[in-house]
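Here are my notebook entries from an afternoon of looking things up in one structure. Follow along with the model open beside you.

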Amino acid sequence: MRILMLGNSFTFTNHMPQMLAGLTGAEVVHHTRGGARLSEQLNPSTRLGSQTQKALQNEKWDYVVLQEMSHGPITAPKSFFSSVERLCRQIRANGAVPILFATWAYQKGGAKLAAKGWDYDEMAQKLSEAYYQAARDNNALIADVGRWFYALSDTQDLYAADGAHPTELGSHIAAEIIAAVIRQHEKEARKYAKHHKAGSGGIPETYAAEKAPG
């Protein structure tokens with residue numbers, strides 16, 4: 001199994017791709033840059049975009065994980081939805097399955113959240129709504145890490161000192177959730193293959209439909 005992760009420091013912090021590799025037994029490659037948006041992954045004139053476009057055109061992948069810049073789905077929704085749509089088309093043309101890595105709100109009571117003038121519950125809700133909408137629009141899988149941060153952050157040490165990035169535990173939870181989504185899809189794929197003749201149609205993809213936090 002080969003997994004490509006497209007994102008920024010929320011993805012590469014604490015060597016999370018290596019954590020995912022350990023949990024899945026897959027080869028995990030990440031194309032990331034601090035602060036990167038998904039739109040950059042589509043732009044071949046940038047180093048990151050050129051690398052990603054070549055990888056999607058010339059290499060075979062089983063899953064491609066998409067992570068937008070932390071507040072991008074809220075502050076730049078048009079770019080977010082357009083980038084997800086275009087990337088999902090490219091991912092399917094490659095023969096891979098797209099997974100949206102839904103990230104978390106900034107730490108409750110933290111300076112990062114205060115600087116934006118946002119309410120914690122509001123940011124969590126808006127992020128969740130945007131990621132679920134993108135998943136529905138593109139029939140993509142979703143790894144709702146933000147939901148688990150919302151549920152666990154009062155009792156677990158999930159945020160680094162900046163109130164935005166994850167601790168090692170936070171990254172491990174993210175890797176576990178992405179791995180669980182992949183395992184569930186693999187299970188459904190095997191079940192579908194067992195009960196359907198070859199050539200009768202593609203495997204129907206699903207996305208998690210839990211209620212958004214808030």
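Entry 1: I began just after H2, where glycine 25 takes a positive phi of about 75°. I kept in mind that this is a predicted model. Most residues other than glycine have a negative phi, so I went looking for exceptions. Histidine 15 has a positive phi of about 55° although it is not a glycine. I found histidine 15 in the loop between helix H1 (9-12) and H2. Is histidine 15 buried or exposed? Histidine 15 counts as exposed, because its relative accessibility is 54% and the cut-off for exposed is over 50%.

Asparagine 139 is another non-glycine with a positive phi, of about 50°. Asparagine 139 sits in the loop between H8 and E5. I noted 36% relative accessibility for asparagine 139, so it counts as partly exposed.

**Entry 2: one side of H2.** Next I looked along H2 and noted that Met16, Pro17, Met19 and Leu20 are buried there. They cover an arc of only 155° around the axis, so they lie on the same side of H2.

**Entry 3: the largest core.** Which residues touch the most other members of the largest nonpolar core? I wrote down Ile3, Met5, Met16, Leu20, Ile99, Phe101 and Ile178, in a core of 36 residues. Among the elements that give two or more residues to this core are strand E1 (2-7), helix H2 (16-24), strand E4 (97-102) and helix H10 (168-195). H10 gives the largest share, eight residues.

I then picked isoleucine 99 and listed its contacts, leaving out residues up to four places away in sequence. Isoleucine 99 touches Tyr63, Val64, Val65, Leu66, Leu141, Ala143, Val181 and Ile182. There is also a second, separate core of 24 residues, which includes Leu4, Leu38, Val64 and Ala140.

**Entry 4: aromatic rings.** How many aromatic pairs does a search of the whole structure find? The search finds seven. In one of them, the rings of phenylalanine 80 and tyrosine 131 have centres 5.2 Å apart and planes at 75°, so I logged the pair as edge-to-face. Phenylalanine 80 lies in helix H6 (residues 77-94) and tyrosine 131 in helix H8, so this pair ties together parts that are 51 residues apart in sequence. Both phenylalanine 80 and tyrosine 131 are buried.

Phenylalanine 149 and tyrosine 159 also form an edge-to-face pair, with 5.6 Å centre to centre and 90° between the planes. Phenylalanine 149 lies in helix H9 and tyrosine 159 in the loop between H9 and H10, so the parts tied together here are 10 residues apart in sequence. Phenylalanine 149 is buried, with a relative accessible area of 0%; tyrosine 159 is buried too, at 6%. Ring pairs link Phe10, Phe101, Trp104, Phe149 and Tyr159 into a cluster.

**Entry 5: charges over rings.** I checked arginine 2 and found its charged end over the ring of tryptophan 61, 4.0 Å from the ring's centre. Lysine 112 lies over the face of tyrosine 106, at 5.6 Å from the ring centre.

**Entry 6: lysine 108.** Where is lysine 108? I found lysine 108 in the loop between E4 and helix H7 (111-116). Lysine 108 counts as partly exposed, because its relative accessibility is 48%. Not counting residues up to four places away in sequence, lysine 108 touches Leu113, Tyr120 and Asp154.

Terms used: Residues numbered from 1 in each chain as written. Predicted model: local features only at pLDDT ≥ 70, side-chain atom pairs only at ≥ 80, totals over all residues. Heavy atoms only, no water. Core = buried A, V, L, I, M, F, W, Y, C linked by side-chain atoms within 4.5 Å. Buried < 20%, exposed > 50% of the residue type's maximum accessible area, 1.4 Å probe, protein only. Helix = DSSP H or I, 4+ residues; strand = E, 2+ residues; numbered from the N terminus. Contact = heavy atoms within 4.5 Å. Arc of directions from axis to C-beta. Phe/Tyr/Trp six-rings, centres within 6.5 Å; stacked < 30°, edge-to-face > 60°. Lys NZ or Arg CZ within 6 Å of the ring centre and 35° of its normal.
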